[in-house]
Amino acid sequence: MDVRTVPGGRVEGVTRVPGDKSIAHRWLILAAGGMGRSVLVGLPRSLDVRSTASCLATVAPAARASLEAWARNGGQAAEGHGSTWNRGLDDGSSPALEVEGEGWTGIRPPDRDLDCGNSGTTMRLLTGVGAGAPFVTVLVGDASLSSRPMERVAEPLRLMGARIATTSGHAPVRVEGGGLHGIRYSIAIPSAQVKAAILLAGVVASGETIVAEAVSTRDHTERALAALGAPSRVVDGFVRVSAFQHDGFRATVPGDPSSAAFLVAAAALTGGGLTVRGLGLNPSRLGFLGVMKRMGIDTQFTVTSEELGEPVGRLGVAPCEAILPVRVEEAELPIVIDEVPVLALLAAHASGGTTFFGAGELRVKESDRLTRVADAIAGLGGTAVVEGDRLVVAGGGLEGGIARSGGDHRIAMAAVVGAMGARRPSRVEGIEDADVSFPGFVEILRSLGGPLEVEG
């Protein structure tokens with residue numbers, strides 16, 4: 001499907017976004033590994049999260065019926081399969097899902113390969129879970145996922161005692177788990193997924209597991225473990241965890257700040273004021289707001305509650321008069337890695353050039369995002385070049401044209417946002433890819449006044 005944008009229109013109002021995808025993966029895994037019933041409210045219906053639910057259904061027999069039904073029915077729980085229907089949302093999230101857990105020892109051998117679809121988070125986190133289970137697990141994915149690096153997660157888990165074989169460093173990944181021991185490990189390339197995999201293995205390992213990060217990454221796993229009572233702590237950049245079995249829990253997944261970034265950018269480009277409610281306000285996820293502030297976008301947030309260690313509240317965006325050029329340094333990249341595409345499309349409308357330094361990790365996301373972002377900007381009538389690991393965006397605005405998602409959800413959404421500020425009508429091809437992380441993206445934008453038309 002394609003989206004056509006036209007000049008004019010203003011994105012403004014009050015809205016919500018789907019539940020946080022990163023949190024949802026982790027809480028689903030913790031629910032399946034918990035002892036007793038967990039209730040998860042507001043899970044996003046994104047394809048990636050459904051992949052995690054489908055894989056867990058294969059190894060968690062007590063939760064199989066509810067997880068299979070939820071994954072199969074587009075992220076909607078099915079009546080009679082551990083579902084409740086007291087919270088229907090219009091923001092791309094689902095009603096409550098009940099998950100019966102039998103503890104980490106209740107994880108059972110799968111009767112087939114675990115198909116992770118396009119989700120790198122699913123594959124890397126479940127590699128950590130599989131490392132702690134005394135049987136063989138094989139994880140597979142689609143062509144895009146099968147091109148992404150997996151040795152970075154296999155290496156520390158081998159040091160803990162798991163037997164892991166990758167396919168020339170990629171998926172399929174074969175994991176023979178059990179008998180783990182704690183390690184002290186320094187992560188060379190910043191990765192919250194690798195950190196989470198080690199910590200999930202650490203809760204079933206003997207001794208203490210210590211993970212060192214030179215650059216802090218999103219901390220959803222350690223927050224959840226601490227909230228559930230695990231012997232987990234973070235001191236001076238070291239995350240420590242020991243063996244622990246938690247009980248079932250109830251929690252509402254906060255709105256995804258990475259999804260909100262697209263709406264904030266759209267409001268800024270069109271001169272609108274916006275409020276996003278029920279949003280996750282974890283500091284490790286808000287780095288993009290600092291970049292946007294330097295771009296001249298004024299935002300304010302207020303924390304109103306907490307869910308399983310995660311701060312939740314509202315984010316307000318004031319009307320923006322002009323986008324300013326910025327430098328995004330290499331040290332910042334790990335905390336804005338998911339928002340670089342939309343920040344780059346914003347930068348295309350700045351009054352001068354913007355450079356993203358040290359962005360090489362974008363080459364091994366769902367696509368080569370460095371190249372895809374530059375191509376999207378060029379397709380919409382702007383100028384951007386890739387110089388080694390740097391992305392240089394010329395600024396000056398976009399004339400309009402045609403951009404293609406290339407199968408990447410974040411490129412699709414960033415291109416739509418950038419096109420909304422173009423000087424003439426534009427088209428973005430492949431908007432259906434947005435369902436990977438933000439189901440209902442176009443509908444929410446249109447409800448806020450976005451000048452969009454869906455074609456095909």
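User: Which angle do H11 and H13 pack at, and how far apart are their axes?
Analyst: In this predicted model, helix H11 (residues 340–347) packs against helix H13 (residues 409–420) at about 20 degrees, and their axes are 8 Å apart.

User: Parallel or antiparallel?
Analyst: Roughly parallel, because angles under 35 degrees count that way.

User: Which residues make the contact?
Analyst: H11 contributes Pro341, Val342 and Leu345. From H13 come Arg410, Ile411, Ala414, Ala415, Val417 and Gly418.

User: And by class?
Analyst: The contact of H11 with H13 has 7 nonpolar, 1 polar and 1 charged residues.

User: What hand is the crossing of H11 and H13?
Analyst: The crossing of H11 and H13 is right-handed.

User: Now H5 and H6. How do their axes cross?
Analyst: The axes of H5 (residues 151–159) and H6 (residues 192–202) cross at roughly 25 degrees and come within 9 Å. That angle makes H5 roughly parallel to H6. The crossing of H5 and H6 is right-handed.

User: Which residues meet there?
Analyst: On the H5 side, Arg152, Val153, Pro156 and Leu157; on the H6 side, Val194, Ala197, Ile198 and Ala201. By class, the contact of H5 with H6 has 7 nonpolar, no polar and 1 charged residues.

User: Residues in that list sit three or four places apart. Why would they point the same way?
Analyst: An α-helix has 3.6 residues a turn, so residues with that spacing point the same way.

User: Change of topic. How many disulfides are there?
Analyst: The structure holds 0 disulfides. Cysteine 55 is in none, and the nearest cysteine sulfur, that of cysteine 116, is 4.2 Å away.

User: On to H3. Which of its residues are buried?
Analyst: In H3 (residues 64–72), Ser66, Leu67, Ala69, Trp70 and Ala71 are buried.

User: What covers them?
Analyst: The cover includes helix H1 (21–32), helix H2 (47–59) and strand S4 (97–102).

User: What follows H3?
Analyst: Glycine 74 follows H3, with a positive phi near 65 degrees.

User: You mentioned H2. Where is threonine 52, and is it buried or exposed?
Analyst: Threonine 52 lies in helix H2. Its relative accessible area is 1%, so threonine 52 is buried.

User: What does threonine 52 touch?
Analyst: Leaving out residues up to four places away in sequence, threonine 52 touches His25, Leu28, Ile29 and Thr122.

User: And alanine 260, where is that found?
Analyst: Alanine 260 is in helix H8 (residues 257–270). With 0% relative accessibility, alanine 260 counts as buried. Not counting residues up to four places away in sequence, alanine 260 touches Val17, Val276 and Leu279.

User: How far is alanine 260 from glycine 401?
Analyst: They are 141 residues apart in sequence and 25 Å apart in space, C-alpha to C-alpha.

User: What about valine 6 and proline 425?
Analyst: Valine 6 and proline 425 are 419 residues apart in sequence, with 4.3 Å between their C-alpha atoms. Valine 6 sits in the loop between strand S1 (2–5) and strand S2 (13–15). Apart from residues up to four places away in sequence, valine 6 touches Pro425 and Pro451.

User: How exposed is valine 6?
Analyst: Valine 6 is partly exposed, with a relative accessible area of 27%.

User: Backbone next. Where is there a cis peptide bond?
Analyst: One joins alanine 171 and proline 172, with omega about 0 degrees. Proline 172 is in strand S8 (residues 170–176). Most peptide bonds are trans.

User: Are aspartate 236 and leucine 308 buried or exposed?
Analyst: Aspartate 236 is exposed, at 73% relative accessible area, whereas leucine 308 is buried, at 13%.

Note on methods: Residues are numbered from 1 along each chain as its sequence is written. This is a predicted model: local features need pLDDT of at least 70, side-chain atom pairs count only at pLDDT 80 or more; totals for chains, interfaces and linings use all residues. Side-chain values use heavy atoms; hydrogens and water are left out. A disulfide is a pair of cysteine sulfur atoms within 2.5 Å. Buried means under 20% relative accessible area, exposed over 50%, partly exposed in between (1.4 Å probe, protein chains only). Helices (H or I, at least four residues) and strands (E, at least two) are DSSP runs, numbered from the N terminus. Contact means heavy atoms within 4.5 Å. Axes are lines fitted to C-alpha atoms, for helices over the stretch in contact, and angles run from 0 to 180 degrees between N-to-C directions. Angles under 35 degrees count as roughly parallel, over 145 as roughly antiparallel, 65 to 115 as roughly perpendicular and the rest as oblique. A crossing is left-handed if the near helix is turned anticlockwise from the far one by less than a right angle, and right-handed if clockwise. Ala, Val, Leu, Ile, Met, Phe, Trp, Tyr, Cys and Pro count as nonpolar, Asp, Glu, Lys and Arg as charged, and the others, Gly among them, as polar.
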